[in-house]
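Here are my notes on the model. Please read them with the structure open.

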Amino acid sequence: SLYSGFSMDRSPNPLKNIFQIIEEEPEWITYDRWGTVLPNGKKFAAKIGPEEFGDVLKEHGGEGAEEEFATLMKRMEPLSNAAQALTSMALREDAGAILTLARYPKELFDTLKQGQALNDPFDLIMKEMNIQNKFVKNWLDMLCFLLQGLPAAGTMNAVMAYMLADWYRPGVTLDFPKGGSGAIVDALVRGVEKHPQSSVHVRSHVEEILVENGRASGVKLADGSVIKATKAVVSNADPFVTKRLLSKARDAGLTSAELNE
């Protein structure tokens, strides 16, 4: 897995922001190179960031590769600024978004100005810039695959704009949690369980959200046990799954018209 933006204090990474709020996080190991194998079998340790990448482009991309990549980076600059402009902590789905977003008027304007372009596939930018160099095209496709498991045609500009701004800035490093990816989950669990009467239950499949007197009152697990809620039930499942979990309550006429749509 690839992790970045965790070992610095001022970071656009939303998970880093969560760690800062809960005051818990893993110990981070930083590194600035990754092993790269070319189709011809040649291997080298590619440095993250701009310091040596020009030499890589010259050696493996040949004539025009460095210029093509530099032109692409210039084209991506406004998208990169927009992708990193707003902190995810300011985003919400209720009317309170007006208050949180109002704290970032310039950043909001920059993001809205690039709104559609951020959602477009990255290969449209590559076609627009007429990227012809085979090494550059393959390198960009590799980055897309590392980020989303898809080539440029299936990767949003927002993802690549964020990554190009983050990974090709001077002095950048990538991060890895000491002890493996499980250390991230462990830190999040600590952030919950350090509070009184708070716990995390794993391997606890929720079968149904219970509703009493017009409000969610708890959840029923697949093993038949019930966990009661004192204030609310917060579902992190998507709307489709959440409605399915409420299906019995809906059939009994216990849910609101809004949830029945």
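1. Buried here means under 20% relative accessible area. By that cut-off, the buried residues of helix 3 (residues 65–83) are Ala-65, Glu-68, Phe-69, Leu-72, Met-76, Leu-79, Ser-80 and Ala-82.

2. This is a predicted model. The mean pLDDT of the chain is 87. Of its residues, 97% reach 70 or more.

3. Helix 10 (residues 182–193) has the highest mean pLDDT, 96. Helix 13 (residues 257–260) has the lowest, 69. Where pLDDT is low, the predicted coordinates should not be read in detail.

4. What do the buried residues of helix 3 pack against? Their partners are helix 2, helix 5 (105–113), helix 6 (115–119), helix 7 (122–128), helix 8 (134–148) and helix 9 (157–167).

5. Check the length of helix 3 too. It has 19 residues, so at 1.5 Å a residue it should span 27 Å. The end C-alpha atoms of helix 3 are 26 Å apart, which agrees.

6. Where does helix 3 kink? The kink lies at Glu-77, shortly before the proline Pro-78. Its angle is about 45°.

7. Now look at Leu-57, in helix 2 (residues 53–61). Is Leu-57 buried or exposed? Its relative accessible area is 2%, so Leu-57 is buried. Leaving aside residues up to four places away in sequence, Leu-57 touches Gly-62, Ala-65, Glu-66, Phe-69, Phe-135 and Val-136. Two of these, Ala-65 and Phe-69, are listed among the buried residues of helix 3.

8. Asp-120 is 63 residues from Leu-57 in sequence. In space, the two are 27 Å apart, C-alpha to C-alpha.

Terms used
Residues are numbered from 1 along each chain as its sequence is written. This is a predicted model: local features need pLDDT of at least 70, side-chain atom pairs count only at pLDDT 80 or more; totals for chains, interfaces and linings use all residues. Side-chain values use heavy atoms; hydrogens and water are left out. pLDDT is the predictor's confidence in each residue, from 0 to 100. Helices (H or I, at least four residues) and strands (E, at least two) are DSSP runs, numbered from the N terminus. Buried means under 20% relative accessible area, exposed over 50%, partly exposed in between (1.4 Å probe, protein chains only). Contact means heavy atoms within 4.5 Å. The expected span of a helix is 1.5 Å times one less than its number of residues. The bend at a residue is the angle between axes fitted to the seven residues ending there and the seven starting there.
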